[in-house]
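Student: Before we look at the model, I would like each term tied to its criterion, so please take me through it slowly.

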Amino acid sequence: MDLLEHQAKQLFREVGVPIPIGILSTSPTEAATAASTLGFPVAIKAQIPFGGRGKAGGIKIVDSTEAAESAASEILGSDIKGFSVGSVLVESGVKIAEEFYLAIMVDRGAKVPRVVFSEQGGVDIELLALTSPDMIRSVELDAFVGLRPYHIHQLLDPVGLAELTSAVFKIASRLYELFVSRDCLLVEINPLVKTESGTIVALDAKLTIDDNSRYRQHGLEAFEEELKIPQAELAAGELGLNYVHLEGDIGVIGNGAGLVMATLDLVSDAGGDPANFLDVGGGASAAQVSGGLRIVLGEPGVKAVLINIFGGITRCEEVAQGISNVVDEHNGTLPVPVVVRLAGNGAEEGLKMANALPVETRPTLEEAAKRVVAVSETGGSK
Amino acid sequence: MSVLVDASTKVIVQGLTGHEGSFHAQRMIACGTQVVGGVTPGKGGTEEVGLPVFDTVEEAVRKTGASASVIFVPAPFAYDAILEASDSLQTVVCVTEGVPVKDMMIARRLIHQKKVSLVGPNCPGIVCPKAKVNIGIMPESIFTPGPVGVVSRSGTLTYEIVNDLTLEGIGQSTCIGIGGDPIPGTTFIEALAAFESDDDTKAVIMIGEIGGDEEEKAAEFAAENLSKPLVAYIAGFSAPPGKKMGHAGAIVSQGKGTAASKKAVLESKGIPVASTPVGIVKAVRSVLG
């Protein structure tokens, strides 16, 4: 779960990471009032759960109430990379002397937490990693020990920033506290700013919470609601299914993440464009399969659907029953061609059931993928 | 011989009294696995599917002589179950999905210290067809004994490929499902090292997917340390960046961990990469000669 900036900053505030004074606004009028309360200049910042918003016009610095109102009305409701902006953070302007980058993240490769620092902040860190990798310095941490002052010395002293280590350590140790207490995969400040008066402030905030820890991370419901998770993903989640929206027109349903990914690959290889990833998981019930099929059929622009099941603990009869339920709801038909491939546990019985339905069956994954691409173009025969 | 487990392996089931635990305990026994008991805190002294239930792993091991454990407890209890098992056992398989990454960072450090082999979490388990050992949830009917070691991050994709191997008359030595989490207990490298020292394994199939760099590191390792031929399958060529494809670990982030970049690294180390189940069967057939 990737938090919005103001959400992350709320958590920063709770642990004492210094941030500029800011007011969240959802209308241009609110933003204008917020701006005049704070005094100028202020930054008007689009709240979106991913980076690159500066380049996309999502941040404006303004000097008057009128300018604040018009900047907010431009940003609010605009579409940035498919996310409709619902709120702006109006934030007091900061006189920047220097900009740094500071993050704590899970290092998958080393399987430990890692603290990362760059004396070049405020830029695209991934780009910097490619163009000037020596500008990014990092230290592996031991989960049993945590972050110690010497780690920050290792990062700052060699680049001539020794006088900042105690101020940066104070912030970094609070970030680490947040990283642990909130089960984060990433906590990032870019830029971490040294102001003209010499204080250190987190100008931006990015935070990713591990989805696996949701059972013990409480009070995130309001954040989640604001993140506007697509309806289809929410509906799938409620059914215990895993749904990811993609851009194409062929719906794909399968059991097991790896197998669904492999199915998407074969559809793509056959010249098709998958509309989604939908994993019904292990041991799916007929109701779950029906629910999944309804979600996929309900997505606009889906021209055909491929259902690929390799039954282990999942039984193919259950899957066929799930399809059959949806056929019944559509008075014995399906709105778009559906190609079904069933193998493994219960395949024989499942196929018998599927062959009585208005779907096409194919014996192998490769054939099924080719067929669904063909029928998505022609509309199918059955 | 086989990898991690053999015919003498005695298994306890943590979470035996749960729906999944009891179902798979019976299934594992039917496959020939020596399941000797189970653990459910608070239910010690009772019986489940004809097996004794103990309160703690320590007691279960002491009274049954178990050498391995398989974990089916719900996610909030899995970390505790892993730590408890690694106090008393050398081999632990965690089927449970949804263990927090932070817990796995600590668990991995501990199991290394104790020299415990943890497979999973979020994994389908281990199958050794020749020794008739099936620990986890993999369907026994698709396996047949033979020379190919299989190690995989995915469950059902493994079934698909193993099934194709069996239909083509190519049997398996041991199949290890390491699971789809970002921080697994056993990595590809550790599995390849185990296959290297297994006399029954003549070639290895590695089934990987997008996310992380374990496949790349395994390729480096194999080039130096694996004398047996290795072929690979990578899932997720069509996956867009920034979207988590079902598995917690399957995400292309910051431009890293794409299927194409993995394929390029593997091929540069002389490891053939297939992108269809049919392709991987052909590839392994050609290396077996």
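Tutor: A salt bridge here is a side-chain nitrogen of Lys or Arg within 4 Å of a carboxyl oxygen of Asp or Glu. This is a predicted model, in which local features need pLDDT of at least 70 and side-chain atom pairs count only at pLDDT 80 or more, whereas totals for chains, interfaces and linings use all residues. Residues are numbered from 1 along each chain as its sequence is written, chains are lettered from A and ligands numbered from 1 in the order in which they are written, and side-chain values use heavy atoms, with hydrogens and water left out.

Student: What makes Glu98(A) and Lys194(A) a salt bridge?

Tutor: The closest N and O atoms of Glu98(A) and Lys194(A) are 3.7 Å apart, and because the rule asks for a distance within 4 Å, the pair qualifies. Glu98(A) lies in strand 7 (residues 96-107) of chain A and Lys194(A) in strand 10 (residues 184-195) of chain A, so the pair ties together parts that are 96 residues apart in sequence. Strands, like helices, are DSSP runs numbered from the N terminus (E, at least two residues, for strands; H or I, at least four, for helices).

Student: Why is the pair of Asp103(B) and Arg216(A) called a salt bridge?

Tutor: The closest N and O atoms of Asp103(B) and Arg216(A) are 3.0 Å apart, so this pair also meets the rule. Across the interface of chain A and chain B the rule finds six salt bridges, and over all chains the structure holds 41.

Student: How do you know that chain A and chain B touch, and how many residues are in contact?

Tutor: Contact means heavy atoms within 4.5 Å, and by that criterion 44 residues of chain A are in contact with 58 residues of chain B. The area buried between the two chains, meaning the accessible area (1.4 Å probe) lost on putting them together, summed over both, is about 3900 Å², with carbon and sulfur atoms giving 60%. Arg108(A), Lys111(A) and Phe310(A) supply 20% of the area that chain A buries against chain B, more than any other three residues.

Student: Why are strand 13 and strand 18 of chain A said to stand at the edges?

Tutor: Two strands pair if DSSP finds at least two bridges between them, and six strands of chain A form an open sheet with mixed pairing, in the order 13-15-14-16-17-18. Strand 13 and strand 18 (360-361) of chain A each have a single partner strand, so one side of each is left without a neighbour in the sheet.
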